[in-house]
Structure formats: structure tokens, C-alpha cells
Amino acid sequence: MTTATPTNTSMIPTSKRGPRLRLYRARAYRKPSVIVPAAILLFILLACFAGPTLFHLPKPSVGNLSDYLLPIGSPHHLLGTNTLGNDMLSQLLVGGQITIIVSVGAMALGLVFGTLIGMIAGYYERIVGAVLMRILDIIFAFPDIILAVAIAAYLGPSVINTIWAIGFFNIAGFGRIARAQTLRVVRMDFIVAGRSSGISGFSILWTHIWPNIAGRVFAYALIALSYAMMAEASLSFLGLGVPIPTPSWGNIIGSNQSYMSLAPLLIVMPAILLFATIASANLLADGLQEKRASTIE
Amino acid sequence: MAARNIGSVNSPHQSSGEPLLVVTNLVQEFSVPKRGSLRNATVSAVADVSFVVDRGETLAIVGETGSGKTSLARTLLGAPPPKKGGITIDGHDVTKRNRATRKAQSRLVQMIFQDPSSALDPTWSVQRIVSEPLQKLGLSRQERDDRVADTLRRVGLNPERHSRRRPSELSGGQQQRVAIARALVGRPALTVLDEPVTALDAATQSQVVELLAELKNEFGLTYLLIAHDLAVVQQLADRVATMYLGKICEEASVATLFSTPAHPYTAALLSAIPSFTPDERPRLRLLGEPPSPIDPPTGCRFRTRCAFAQEVCATVEPRLREVAPGQNVACHFPLGADGTPSTTVPAPESLGTVA
Amino acid sequence: MSESGAAMPERLVDVENLTVRVSGREGMPILDSVSITVEAGKMTALVGESGAGKSMTTKAILGILDDRLFDVSGRIEVCGEDVSAMKTKQRRQYISRVAALVFQNPTRALNPTMRIGPQIAEATRFAPDGPHLSDKAAHDRAIELMKQVGIAAPEERYFAFPHQMSGGMKQRAVIAIALSLNPKVLFCDEPTSSLDVTTQALIMDLLDELRARLGLGILFITHDLVLAASRADTVQVLHSGRVVEKMPVDDLFQRAAMPYTRDLIARVPGFGGDEPRPTMIPLEVASPAHACSYVGECAFRQGICGTQVPPLAEIEPGHLARCWFPVGHPPLDQSLATAHEGASIGR
């Protein structure tokens, strides 16, 4: 050690700064705008996936026609039954499972492929980037739900095909976000520094760029999730999504629409669940963004 | 060239008599969208620049914003590679991008950037940042960690205390120290310093300049210093080149250039430095505004702002030529010791009539 | 620099004992009895490192500090009127008529979506006769201002966007906006630190010219000691919210007396700091509020430096230093300590 330098390090009482800063980060999540929507989402998730086995609910599609349209609060049928005598609680929870699986799957599809394409397009700006972005532009140019309808109609109704149909148009959205964020990070000097140390392009994408864009991509993922849920509901409502008898929130609404005046609750209940889930996902995304903005300050 | 021995980590840099860095006729251009046109315009950032830097020497390149000095620095790093011309560092042609040069690059050239907050990945720890250039050198984990700790200590940081921090948990001066450690950990043959202290406050500036000078002496480093702060240049550099609109105007030792600048641009640059003593030389002011690098003036690029420009300056581009031992100037009418043009007739060498 | 009587030039800014505290917090104030004068046609440089309180001083004088967060006390006179007594709204209106502020970063000071000419023209509308100006008159006044600040070809530049102009041109445009209300005094907060040296010299030339032609007084805030020395008439050095030295510019590099100023000078390249420094004596400082602000790093400190704030005392005519042991001068009379603590004496 030589002159001038030791004072600098000892002048600032940095020793306590690291842990405190990290603690602060954790604390920044502890606020109503994050906790409330996260709790609602968690509750819905747990109810849908653990509920049916936990409460020994009947299978959603094995109802007895003699139990036709039982009201809420009936014995063995807490939320009543539908026109086929199927238990509504079971329909809603299992339908929730399907809806969540389909929308998470579709979102994940977009996340993985879209982010990958976007990152590559942003990193290799010139020819590869231009070609990839034009392809994404073409996907983007189609009205998304019509594209999904077309794909779903072509592939035929099934759970997997619904995931593909919705996931496909999600790719463009993730691609855009990932590319914009990559372009921001690529301009930073540490990328130049990494390249000049002989680090390969793929390695830079994975170790430098991804950690720096992950936050924004995940924030978008929550929004994409709610879009996917809406798209699933729309497709299933039209009969192009999850096929009956497998329930999903969308096809519960769709199959019961003719009984709207007779038993409005059959439509209202899945609609409320759908709304609660989508709203919570959006609010959570906003809450997390808020936190991000305040830490940057 | 001897591309083989660069794989072995501990081989010392060749210590032959040839210069460490040889830049020949380097050209760097960028295309930018042109207003009211579908075609792109070309910005000539570096235009036919040649120079050499000897081992253990520091060459400073000074110039205003837009003079192309940062483009030059980045081109040396291959980000992006040059449009034309040659760059040889330690005997290796670095304009050829192949596996061998890529692998050797962290031992050939590293850069210290202006803004440490952009030069350090905010999601990485100090330890990981500093060890990055060692990744391709085939060291064991233990060797790597030791090198990182040594280097951190050498730049005045405490490995135990700082190596697990993220850049945002360090002060600006400490961040720049990390950036210095990162650049030097692989013992590069050439270190490019791009405005290394501009982003720091005054007290930290002098500490970092001092550190850079110490490291240079201790390890016999070769610096290419890009700066607009002439005070920093005076402290660190052996030779200086002034750049204007992508061309080198003048190149001389620090003492010569500061005492008897021969290019009017150099003289204007020097007389613009605030000074607390009355100048003995007449103050030279730049005329007008910097021209656009998209459409540089014909002939001498500086002529539109030069107080001594004549007709020939608009038609013939002056060549870089020696006017005094070790002092090269690209001007038809170089200034004499009194600060006025010493000749009225352009010298044949500057017109390019003599081969 | 005689400070007495009727022959004195017009004082445009006269600040005395300006003290700023964070509301409800005891201990060290942010600014501690700062006194500043700016005379017509002169430039006073306020020199200090970041965090010394330079910008805070301007903000306090201009009355743009949030009074819910800060307690401001002291007498602030701008162009002959005591503004500290005025109501906020009245004060801002008055200040905007007589003073203007030039910022460090011209890019941030200009609206990027608006052409430069209309921005200047808009500024002229805040003049007393501004609201009644015709579009043509505002345009002409803007062109006139652009000429005044040395923007070449103002008729063409009128329609340029800020991003189409160089940094120097943008700063000229900012100065044109500052001049639009015919101020008597300019507050320049590091106006050239984002510019190249060559451009810096041209902007400083412009400020010199405006001073000579319009009789403007300028308070020039900078961290650059040499720049201050090359252009200003009076230099005031600020450290930790206190004015520690105040002198005519010629004294700065020759006869600075406060050790802090001398250390700043030693950091200027070419002044290498060769002079031998006495070894520091160990010293306990009980409360920073009752000690010299530089006591921690001062090579010349003695016991009293840790317990009593030295007064800003006149050690030579026109040269004031806040130091018990000014370099090259006899030590201050320590009996002044209790009588005049923190206040200006010698006048």
C-alpha cells in the first residue's frame, strides 16, 4: 500500500452500508401496493391448486342431473351446481387451474422465446436484429386476439393448442420489451469492457445483459399474464379454447351464457375470479414498478 | 505474426525495440440518419490517423468534443473495428477478429472509461467485475482470486471489505478504482484511459491521477490517454497529439507542445485554458463554431476557424511533417516561437509534393 | 477594494450573515453566517468543493428554497431592496425582474421540443410590458438578444431545436433567456463546467463583455480555482457552509492565508504543494459547530481551532480570512473568540 489511497477507503464508514442497503431493498417490498395484490394472487393460486383435494370436492364434470341448479349453500355443494348438476366450487377451482396453467404457459412461451429473440435482436443490432424485428413487427401488426382465434381454429380446441395460440402473440410483446431494454444496456461501457476481455457474445447476453433487463421483463410478464388470462377466457368463451367438459373460467362463462337470466351467478362467479386475478396481477406489476422507481431515486 | 505465445499467460510482453502500438492510416466512420433523406449520412470520426506509442510511454490525445478522440479509443478496443487501416499492439494485428486475438485481447488492450457507473455492471460484485478479464486466461480459481485481491489492494481498496459489494454501494472514486483494477488485473500491454477523471470531483481527481501515475511507474504500463483536461495531460503524459475533426493536427512532447505549439489549433486550445498569470503569448481565439463532421471542410479541416487561413488551406490538405525535432505538425503555415505564422509560403512537405 | 463611503460602486447583492438550517435540526447549519457582495460591473467568484454550500447560497438569495424544509435568516439585499422581508410571491416577482440564473447544464435548461427562438421570445413576455408585446415585437426582441449573446445568423438559428446546436451555442441561448428581462445581476452556477475549454473561454469572454457593456454584476459559482482567478474581481472561498476567505483576486495565488485555500491551490497542477508542512498535532474536537470547519485536515491547527470558530477577520485591507493562524500573518487576537464568535469583525 502506498500514499494517498488508504485514507479514501477509511474515510467513508462503508462497512455497514452493504447489508443495510440489502435490508432496505427487502423492506421496499413491504408496502400495501405490493402485499395486497400478492396476497390475493397467492390465495387464488392456493385455492385452485390445493382446494379440490383439501376439501374432497367432487370431480367438476361428474354431476348428477338430479342436482340441477342447486342454490348457493346447499349441502355438499357450497356454491351450488350448474345446469348439468356439476359442483360449481369444483368447476371454479379446477377451471382456475386450467386458466392459470394456460395463461402462465402462454406467458412463459412468450417470455422465453420473445426475450431471447429481443435480446439477440438488440445485441446484434445490424442485420440479424433488423430481420428479427421485422418478423416481430409482422406478428405485432395482426390484432392479437384475431391472430389467436385464427391459430386456435386451425389447430383445433385443446389445452396445449390454446397455450400455443396465445403464446404466439405474446412473443412479439416480450420481444419488444427485451430489445428496448437490451439496447439500453448494450450502450453501457461494461459491455465494451467485457468484449475487450474476449468474452463471447452469448456469454455477455447471459451474464451481463439478462441480469440487467430481468427486472423489467418480469414486470412486463405480470401484465402479459393478465392479457393471456383474458385471451384464454375469450377463446374458451368462443369455444375455440379449452374444450368442454374440461372447465376453465372462460368456458364456464361461455357454456352458461344461455342461462344468464335464470342463474346469473353461474356467470358472475367466474367473472369475479377472473377480474380479481387480472386486477391483482396488474396492481402487483404497478406496485413493483413503483418500488423500482423509488430505489433508482 | 507470433500469435502462438499469447496463449501462455505468464509470457512477458515482447521487449523488442519496435513500438508497442502502431496505428497506420486508421479510418473510422459511422452512418447516421440524414434529415429529409432516405440514405444515411456518413460521419467521419477518425480520418486517416497514424501514430505510434512506445513501451512505457504515455501518449495523450487531446481535442474538443466531437474531435473523434473517443471514437479512436474505442476503435483500438475493436468496439467497433475500424473501417480501414491497421492497428498493431505488441506485434499482434488486432484488426483481424479471430479466436486467437479474441482470447489474447485482455492481455493486449484494456480501457478505463470516463463514467465508472456505466463501466461497472450494477448487478455484479466487485470481485466478479475485477476477475472478468482473467476468465479467458486459463487460471485456476485460486490464482484468479489472489490476482483480484492483489490488484484491489494495489488500487487502494480492501479486498475483505469491498470485494462483495456492488458498484452502487461504493463512492465515485472507489468505483473508478474498481474500474482501474478491472483494466489492469490482466496486465494488458496497452491501457487506454478515456477521460479517466472527468466524472470525479476535484479532490478525488487528483488522487486517481496520482494512482494512475504510480501504477504506470510500478508496472511499466503504457497508456494512451484521451483527455480534454490539459492539467491531467501535463501530469500523466510524455507526448501529446491534438486532434481536430478526426485528424491529428500536431504531435510533440508535452514540454514542446505546451511551450511552443506550432499548429494554430493547438495554440488556440492552450490559450483557452484559464490562467492566473498574464499570458506572454497573444491569446488566439477560435473563430465561429465547430463544423459538422458529416460534411467536413475541404483542404485543412481547421481552416474555417483558423485566424491564419489562406487560399491554399481550402484546397490542399496539409500533411503531418516534422517542423522541429520530435514535433510533427499538419499545417501549411506553422506558428513560430512568437505565436505567429513563421512562413508566408506553404512548405512543399506540407503540400505533399515531396514524397 | 475600498468598502467605505459614497465613492463605493453600486452594490447589487449585499448579503450579510445568511444562515440556513434544516428546519427543526440543531447543530451545524448548512450555511453559517455567509456574507457576499456583488458590485455592478464586477464578478464575485464563489469557490468551493461540491457540498460546500455554493448552490445553496444562490438558492437562498433567490428565495427558491422550500421554506417548509429550511430556516433562512440574515439580511439579503438585492439591488437596494431587502428581499428577506418580502412575502414569497412579491419576492419572487421582484427577484425575477432584477436577477437571473444561468445553470450548469444548458441541455437541461432548454425545452428540447421547442425551437430556440420561440423559447427566448416566450421569456421576453415575462417582462413588465411582456404580455402586451405583439408576436413580431417578441420575435424581434429574441433576435436582438441572440445577437447580443453572439449567436451567429440569429434569423436562421431562430428555428433550430436545441439538439441541433453545440453545447456552447445552447449555453449562449440560456444566457439570452437570462438577459430577456434586463436583469442587473446574473447568478452563474458552474456555467461552463459541461463545456470544452475552448468553448468555456468563449462563454467567459461573453460574460466579461456583458459585464462591461451592460454593467451586469455576476456571482460566479465554480469549483475551478484557476478559472475564478483568471476572470473574477473578488474571490470568496466557501468551506462547509462558511466563508473562510474573501480577497481581491490578485491575492488568491500570491497571498492566500487560510490553510484550506492554500491546500486547494496546492492541488492545482503546477503548484505541486512543495512547501513543507508542519506535522499535525493531535486534536480532539468536541462539537463541529464550535470548531473551525477545516480543523480535521489543517496542518497548522492549534488547541483553539477545535473549540472556537475563528471570526472572519480582516488581515489586510480588503482581505478577510476565517482562521486563528493565517499563513504569513500574525495570529489573531484570541480574545476575539467569545466576543465575536462566528460573526464578521474588523469592519
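Colleague: Where does Asp48(B) lie?
Modeller: Asp48(B) sits in strand 2 of chain B. Bear in mind that this is a predicted model.

Colleague: What is phi of Asp48(B) near?
Modeller: Phi of Asp48(B) is near 55°, a positive value in a residue other than glycine. Most residues other than glycine have a negative phi.

Colleague: How does Asp48(B) count, by relative accessibility?
Modeller: Asp48(B) counts as partly exposed, because its relative accessibility is 42% and that class runs between 20% and 50%.

Colleague: And Asn25(B), what is its phi near?
Modeller: For Asn25(B), phi is near 45°, also a positive value in a residue other than glycine. Asn25(B) is placed in strand 1 of chain B. Asn25(B) has 43% relative accessibility, so it counts as partly exposed.

Colleague: In what sense do strand 1 and strand 2 of chain B pair, parallel or antiparallel?
Modeller: Strand 1 of chain B, residues 21-33, pairs with strand 2 of chain B in the antiparallel sense, over 10 bridges. Within strand 2 of chain B, Ala41(B) is the bridge partner of Val32(B).

Colleague: What order do the strands of that sheet have?
Modeller: The order is 2-1-4-5 in chain B, an open sheet of 4 strands with antiparallel pairing. Strand 2 (40-53) and strand 5 (92-93) of chain B are the edge strands, each pairing on one side only.

Colleague: Which strands does helix 1 of chain B lie across?
Modeller: Helix 1 of chain B, residues 69-76, lies across strand 1, strand 2 and strand 4 (84-89) of chain B. Helix 1 of chain B runs at about 115° to strand 1 of chain B.

Colleague: Zooming out, how many helices and strands are there in chain B?
Modeller: Chain B has 13 helices and 12 strands. Of the 355 residues in chain B, 54% are buried. Among contacts in chain B with a separation of 6 or more, 64% come from residues 24 or more positions apart.

Colleague: Switching to the interface, what area is buried between chain C and chain B?
Modeller: About 1,900 Å² is buried between chain C and chain B, and carbon and sulfur atoms give 60% of that area. The contact takes 24 residues from chain C and 19 residues from chain B.

Colleague: How many salt bridges are counted between chain C and chain B?
Modeller: The count between chain C and chain B is 0.

Methods. Residues are numbered from 1 along each chain as its sequence is written. Chains are lettered from A and ligands numbered from 1 in the order in which they are written. This is a predicted model: local features need pLDDT of at least 70, side-chain atom pairs count only at pLDDT 80 or more; totals for chains, interfaces and linings use all residues. Side-chain values use heavy atoms; hydrogens and water are left out. Helices (H or I, at least four residues) and strands (E, at least two) are DSSP runs, numbered from the N terminus. Buried means under 20% relative accessible area, exposed over 50%, partly exposed in between (1.4 Å probe, protein chains only). Contact means heavy atoms within 4.5 Å. Two strands pair if DSSP finds at least two bridges between them. Axes are lines fitted to C-alpha atoms, for helices over the stretch in contact, and angles run from 0 to 180 degrees between N-to-C directions. Buried area is the accessible area (1.4 Å probe) that two parts lose on being put together, summed over both. A salt bridge is a side-chain nitrogen of Lys or Arg within 4 Å of a carboxyl oxygen of Asp or Glu.
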